[in-house]
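Dear colleague,

I am passing on the structure below for your own work.

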Amino acid sequence: MTATGAAIVADNLRKTFGEVVAVDHISLEVPRGSVLGMLGVNGAGKTTMVRMLATVLKPDSGRAMVHGFDVVEHPQAVRRSIGLAGQSAAVDENLTGRENLVLVGRLTHLSKSTARQRADALLDQFGLADAGNRPVRTYSGGMRRRLDLGAALVAHPPVLFLDEPTTGLDPASRLDLWGVIETLVADGTTVLLTTQYLEEADRLADNIVVVDKGLIAAEGSAKQLKDRLGDTVIEFEFATSSVASSAAVALGSSVAAATIVRVVMSNGSVTLRDALNLLAAAEIVPSHVALREPTLDDVFLTLTHSSPIGGAAGATA
Amino acid sequence: MSVDVPRRNDGFVWAVRDTLAMIGRNLTVIRRVPQLLVFSFVQPLIFVFMFRYVFGGAIKVPGGSYVDYLMPGVFVQTVAFGAINTAIGLAEDKNKGLLERLQSLPMSRSAVLAGRVLADTIRNVLIVSLMLVVGTMVGFHTHTNALKVAAGVALMVLFGLALCWLFALIGLAVPNGEAAQAAAFPLFAPLVFASSAFVDPRTMPGWLRWWAERQPVSIAAKGVRALMLGGPQFPMDYVWASIAWSLGISAVLAPLAVRKFRRT
Ligand SMILES: Nc1ncnc2c1ncn2[C@@H]1O[C@H](COP(=O)(O)OP(=O)(O)OP(=O)(O)O)[C@@H](O)[C@H]1O
Ligand SMILES: [Mg+2]
């Protein structure tokens, strides 16, 4: 394996689709047995990154090693070491849950009996034992998602790629899945997961990279990222969303939710007094002011300069 | 590289096993949703009844019996339409993300396409066999021996296989099954209808006749007639010509489809 003991190493990976630069250049390292959480807004390039590492897409340039194998030079060796649960549940509607898992086992070149045993074990583990002999056509979205995750685990892969694994799961299933991932990691599995849920990254990921427009905007542990933002977040609430968006302009921030604007007090450059003075100068009066610890959401919104749909953009348009 | 690459598992034996696994998977749908097979059977059935009983009386063909002339044309049309399944199947697998999963597995790269194309070929054999029975029921008679009739079936299935590669290429290029179906139809007008499958091209205007006598669907239909009907109208030359077309189409399009699959 590599000298650093990293299970996944990407060195300046790049992928374009015609004019669209999906991944500009991204380098990362995931130590063996750890979890890397990849955060980013829609279209940031997360799925493209996962696809290149999982040998589904060939990078335009750059290099990547997974479990010690080059993804371009030795893709089959990489494939023997990974499990991939892509963004959409990749299961065959016309096969039963069990048949889907057995098929993956057979195509991973397990023996027939091992493939069957694995299928049964995984159906149990993901709470699908009762539905195992039904065609997937009859499954709910969450059941498909769980089956898909099971399919990624068929061959006990040492490296797992999970692209938004808990999207579409109910809260109980999400907690279950987090438990499954934690168990796998405790047993030495390396996981790269993308997620839209910052809480998920906060709980599972040892390290986080924030991807923005195909580049890494920030990386570090959840704590390091929060620390970077400074100690405290000031949260202003305004009467209407149009007032909020004018306030966001005055404060040089963006609207976080319909009527809420957050300002990060980073290293004393913005103090509460400064912020209130700026609002006073713009003749805006907040209806509510609160101070609190920064969350990963604040990190994310600050780094990607994004605001939820219907926020600032909608109000000022 | 300082690490050892494990034993290559993508040898020929694995390619065959993976292909068989994929064929099994692709054929399961016939057991689970038999209606789909019935639908693909209904369409040629309608053609048989339309041409046999509605237009048949007005159509003159060389060598006498129209139903004998018609059925080989319908068979070829049936395998051609059956090949659309390849495009729909692949496009849907791509749409659902299934191709992505398969591409991340250590399976043989060629098994995905081979499994698709061969499953659709088996399906074609099934449908054509049923159509032979239907033909007999509406008065179709072969004038050669059983061996030649079987060779006729093989000839059209080989032609269907060639078209499967064409549709594999289309299936990989479009985003979903509906788009695959929509892309297939414009191909069929010039290939299946402007052909000698249903009528004698000598009744067509000159430019159309030129095309209808030379294009591969017509050649395949004539080849099947040569094997099932025989006689001076349909010399064995057409059989060789059709085999050449089918092998030629496959030889060009299969590698293109495989390349496209590896690049998606
Ligand atoms: N096959 C493709 N063809 C063309 N463009 C693509 C393709 N795949 C991705 N893109 C583009 O590349 C960019 C990055 O897409 P990607 O799917 O990697 O984003 P993402 O971070 O996974 O987003 P999301 O959170 O919505 O899943 C987007 O602009 C997308 O439109
Ligand atoms: Mg994505």
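Interface of the two chains

In this predicted model, Arg25(B) forms a salt bridge with Asp92(A), with the closest N and O atoms 2.4 Å apart, a salt bridge being a side-chain nitrogen of Lys or Arg within 4 Å of a carboxyl oxygen of Asp or Glu. Across the interface of chain A and chain B the rule finds four salt bridges. The contact (heavy atoms within 4.5 Å) takes 40 residues from chain A and 30 residues from chain B. Between them the chains bury about 3,100 Å², 58% of it on carbon and sulfur atoms, where buried area is the accessible area (1.4 Å probe) that two parts lose on being put together, summed over both. On the side of chain A, Arg80(A), Leu107(A) and His109(A) lose the most area to chain B, together 23% of what that side buries.

Two helices in chain A

The axes of helix H3 (residues 97-107) and helix H4 (residues 112-125) of chain A come within 8 Å and cross at roughly 135 degrees; axes are lines fitted to C-alpha atoms, for helices over the stretch in contact, with angles from 0 to 180 degrees between N-to-C directions, and helices are DSSP runs (H or I, at least four residues), numbered from the N terminus.

Conventions

Residues are numbered from 1 along each chain as its sequence is written, while chains are lettered from A and ligands numbered from 1 in the order in which they are written. Local features need pLDDT of at least 70 and side-chain atom pairs count only at pLDDT 80 or more, whereas totals for chains, interfaces and linings use all residues, and side-chain values use heavy atoms, with hydrogens and water left out.

Best regards
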